[in-house]
Amino acid sequence: MVYAVVTGANKGIGFGICKKLASRGIVVILTARNEERGMEAVETLKEFGLSELVVFHQLDVDDPASIASFADFIKTQLGNLISWYER
């Protein structure tokens with residue numbers, strides 16, 4: 001399975017990238033600083049039938065605690081991805 005992380009994906013180019021990747025069968029982790037706006041973006045993508053391929057996680061790339069939370073999410077939810085990377 002192929003995964004992609006798109007930061008700032010609740011609008012504009014990031015949202016468009018999420019839509020395009022998911023429509024090609026790639027599992028997208030849509031991130032945004034604002035949780036409410038990120039969830040709204042995911043809901044919009046559901047209208048295109050992409051809900052099974054889009055996951056939301058809050059991420060503020062300027063906040064070390066937010067980055068740590070996201071890294072933990074990746075590690076616990078996609079551990080095989082991390083294991084492959086560390087080889």
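In this predicted model, helices α1 and α2 cross with a right-handed sense. Helix α1 spans residues 12–23 and helix α2 spans residues 35–46; their axes lie 11 Å apart and form an angle of about 40 degrees. Because angles under 35 degrees count as roughly parallel and those of 65 to 115 as roughly perpendicular, α1 is oblique to α2. On the α1 side, the contact is formed by Phe15, Cys18 and Lys19, while α2 contributes Ala41, Thr44 and Leu45. By class, the residues of this contact comprise 4 nonpolar, 1 polar and 1 charged.

The largest pocket holds about 210 Å³. Its lining includes Thr7, Gly8, Asn10 and Lys11, together with Ala32, Arg33, Asn34 and Arg37. Leu59, Asp60, Val61 and Asp62 also line the largest pocket. What is the make-up of this lining by class? The lining consists of 5 charged, 4 polar and 3 nonpolar residues.

How values were computed
Residues are numbered from 1 along each chain as its sequence is written. This is a predicted model: local features need pLDDT of at least 70, side-chain atom pairs count only at pLDDT 80 or more; totals for chains, interfaces and linings use all residues. Side-chain values use heavy atoms; hydrogens and water are left out. On a 1 Å grid over the protein atoms alone, a cavity is a set of points where a 1.4 Å probe fits but cannot get out, and a pocket is an open set with protein on both sides within 12 Å along at least five of seven lines; lining residues have an atom within 4 Å of a point. Grid points are joined across faces, edges and corners, and a volume is the space filled by probe spheres set on the points. Ala, Val, Leu, Ile, Met, Phe, Trp, Tyr, Cys and Pro count as nonpolar, Asp, Glu, Lys and Arg as charged, and the others, Gly among them, as polar. Axes are lines fitted to C-alpha atoms, for helices over the stretch in contact, and angles run from 0 to 180 degrees between N-to-C directions. Helices (H or I, at least four residues) and strands (E, at least two) are DSSP runs, numbered from the N terminus. Angles under 35 degrees count as roughly parallel, over 145 as roughly antiparallel, 65 to 115 as roughly perpendicular and the rest as oblique. A crossing is left-handed if the near helix is turned anticlockwise from the far one by less than a right angle, and right-handed if clockwise. Contact means heavy atoms within 4.5 Å.
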